[in-house]
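Walk me through this protein model, from its overall make-up down to single residues. Keep it brisk, and give the cut-offs along the way.

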Amino acid sequence: MTSPFLPTDCLLLIFEEFKYDKSSLHSCLLVNRLWCQIAVRFLWCHPFRLLYSCKNSPCKCSNEKRQSQAKNLIETYMSVIIYHNKNSLIKKRIIPNQITIPVFNYLDFLQNLDLLELSTAIHEGMNPKQSESSKKHQFPPISQWYQFIRAPSVDLHSDHLNLKKKIDYYAVLNFLSTSKHSSSNSSSSTSSSTSSSNSSSNSSSTSSNSSTSSNRSNKNTEMSTDRIARIFCKIFSKRCPKLHQLSVDLISRRCNIDEFACNFLNSRLSGFSTKFYRPKLNYISHLTHLICTTKVSKRDLFTTLSKVAHNISKLDVCIDYLDHNQYFCERIIDVSYVELEALSLSTLIKSQKRLTHLSLHTFPAGLQAICSAIHLHSSTLRSLSFVGVFFYGWEILPILAPLKMLEKLHCDSCHFQLVFELTPEPHPPVNLKFPFISILDMSNSYVEPQIMKYILKASSKNLKYLDLGRKIQDPKSPDDSTIMFGSVANQFPELRYLKTSFHETEISQLLSVFENCKKLDTFILCQLESLNSYGMNELLKNLNNFRLPNLKHFGIRGSNYVFSPSNLQIFLSSLKEDGGINLKTLEFSTSNCFNNEHLKVIIEYAIDVKSLNKLVLQVYRELNKDLVKKACEKVKDVRYELWNVEEQKWQNKL
């Protein structure tokens, strides 16, 4: 009797949970045919992202292994491209009459494409033997690509001949780029470009002034690499029906919180050029997600997209060309060029049918033009993010007022400046109301208490996630910050996540949050740099008076938060009395007081409750190796980092 199979729909939901886990997906390929067919979809929907994502920071991947994978990735796509264009290529005698048939049409699976990752994969695939010192800015002669990348000579099908003749991939791409029209099975047709005489005799359409690739200058070699990337972009845009996300992204944002960019990818940021991407009108109309946070000109790209791409629902954009201070970036005087690009972005936003998610990074100018375009999507916009944006006075309030359907407001590393002598307190907008908001995240932002007070008052009582950012103390109203905790406790009984800073004068109000927000499962305290807070001991002792059965994550971040091992023990003992079975994560980051005695208390707690799964220790004092080893035995995931005084950075000690 054969064991029953899970339905495909169920497997898709299961695979979705580990779609970024490359090793697990590879294992699933070997289970059976059904699992292989499903796993290959996830592996090849974002293959370049999987290639240049690492689970550790700093990256520990092997250069040789990564280069081999990049080579195989390019070869696999080339095999599909050749198969789709076999009639034309055979007719021109660029490939033999019999070729290996790809197992899958991998172009059908591609969903996400990042231009930096694509360019890097081509760079590594075309010359895997390049020395480490020359990787950053130099590209090899194109003739070396013919030497290192060749079509597989192993025959995978018994009814095919074993083909010993090797295919010149450059000749294939050169033919696709210079052909003026596509046959019925052609996959791409790009604009005319120069070609080298390194191809076979069939490539007779090359210009008369072209020379062999080995004699090209470094500049022309780099242009040739961009040309190859351009050809791949056109092929992907035209032949990949599921391609919906395009990113021109030098920030190298990761797909999820557990991913980090490969170090080699980061090392190529300064040498990366986006000039090879020249979109054509009929190639990009199906995009639904655009990430464009590179600090290069994007005006032409926005203008082109606004004409044909009207289904973008998620937009992540940066308009910035200078290295501004992260928090106090002054607006520059000559901003005409930046404003023109902001206007092109506003045109793109206005042209969309249903924009639901928008993220804006570091706008030195043109913010008002963008916001006027945002208001046209007030009925559809669900998520709005500002990253590194400087707001003057009360301008954030009229920006937010029309957006009544917001479910998430995120301000990361922003600054809200009020000049108390020059900025009178306005009458709050009558229609400032967010009845559906559930996430209010002001992480790393300097927020004036008066502004935060208006936003909190307008928020829904069903708010579940709240990060109050870095609160600024108003010299005229020092009690505003304290009152804020009281309003949080009374207004948001459904709150589950709270991240904030506090001063010892605010302890009583902060404790009211624990009294009224019974469902709170994550509580993180972040230090204010300007304050020496010694109220942590009192807070830990007072938490002993509250039942916290739902608490899963407790964190203390800040070198000036001082607490004794005895008070930590009192707090953890109170959790044990409540069962303590829900606390999964303990975090102590940038702690100047954490020592071996604190670690002993945590180990004792972990032995008693046996539910602590994660322990984060980022400390300035070196801990006893035996105690750390014992903690690793009792806690599944231990992350221990020590400050390296000589190198001035955190060093992983495990």
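Helices (H or I, at least four residues) and strands (E, at least two) are DSSP runs, numbered from the N terminus. Ile82 has its place in helix α5 (residues 63–84). This is a predicted model, in which local features need pLDDT of at least 70, side-chain atom pairs count only at pLDDT 80 or more, and totals for chains, interfaces and linings use all residues. Residues are numbered from 1 along each chain as its sequence is written, and side-chain values use heavy atoms, with hydrogens and water left out.

Start with the whole. The secondary structure of the protein comes to 22 helices and 22 strands. Buried means under 20% relative accessible area, exposed means over 50%, and partly exposed lies in between (1.4 Å probe, protein chains only). Buried residues make up 51% of the 654 residues. Contact means heavy atoms within 4.5 Å. Of the contacts with a separation of 6 or more, 76% join residues 24 or more positions apart.

Now back to α5. Ile82 counts as buried because its relative accessibility is 3%. What does Ile82 touch, leaving aside its neighbours within four places in sequence? Its contacts are Leu89, Ile95, Ile99, Ile167, Tyr169 and Val172. One of these, Ile167, is 85 residues away from Ile82 along the chain, yet their C-alpha atoms are separated by 9.8 Å.

A loop residue comes next. Gln352 lies between α13 (336–350) and β7 (357–361). Is Gln352 buried or exposed? Its relative accessible area is 6%, so Gln352 is buried. Not counting residues up to four places away in sequence, Gln352 touches Ala309, His310, Asn311, Ile312 and His377. The C-alpha atom of Gln352 is separated by 9.9 Å from that of Lys307, and the two residues are 45 apart along the chain.

Two helical elements follow. Helix α16 (residues 449–458) is mostly covered, with eight of its ten residues buried. The buried residues of α16 are Pro449, Gln450, Ile451, Met452, Tyr454, Ile455, Leu456 and Ala458.

Then there is a helix pair. Axes are lines fitted to C-alpha atoms, for helices over the stretch in contact, and angles run from 0 to 180 degrees between N-to-C directions. The axes of α18 (residues 507–516) and α19 (residues 536–543) come within 11 Å and cross at roughly 35°. A crossing is left-handed if the near helix is turned anticlockwise from the far one by less than a right angle, and right-handed if clockwise. The crossing of α18 and α19 is right-handed. From α18, Ile507, Leu510, Leu511 and Phe514 meet Glu538, Leu539, Asn542 and Leu543 of α19.

Turn to the aromatic rings. Rings of Phe, Tyr and Trp (its six-membered ring) pair if their centres lie within 6.5 Å; planes under 30 degrees apart count as stacked, over 60 as edge-to-face and the rest as tilted. The structure holds 26 aromatic pairs. In one of them, the ring centres of Tyr106 and Phe109 are 6.5 Å apart and the planes stand at 75°, so the pair is edge-to-face. Tyr106 and Phe109 are both buried. One aromatic cluster is formed by Trp44, Phe48, Tyr77, Phe104, Tyr106, Phe109, Phe232 and Phe236.

Finish with the cysteines. A disulfide is a pair of cysteine sulfur atoms within 2.5 Å. By this rule the count is zero. Cys233 counts as buried at 1% relative accessibility. Cys593 is buried too, with a relative accessible area of 10%.
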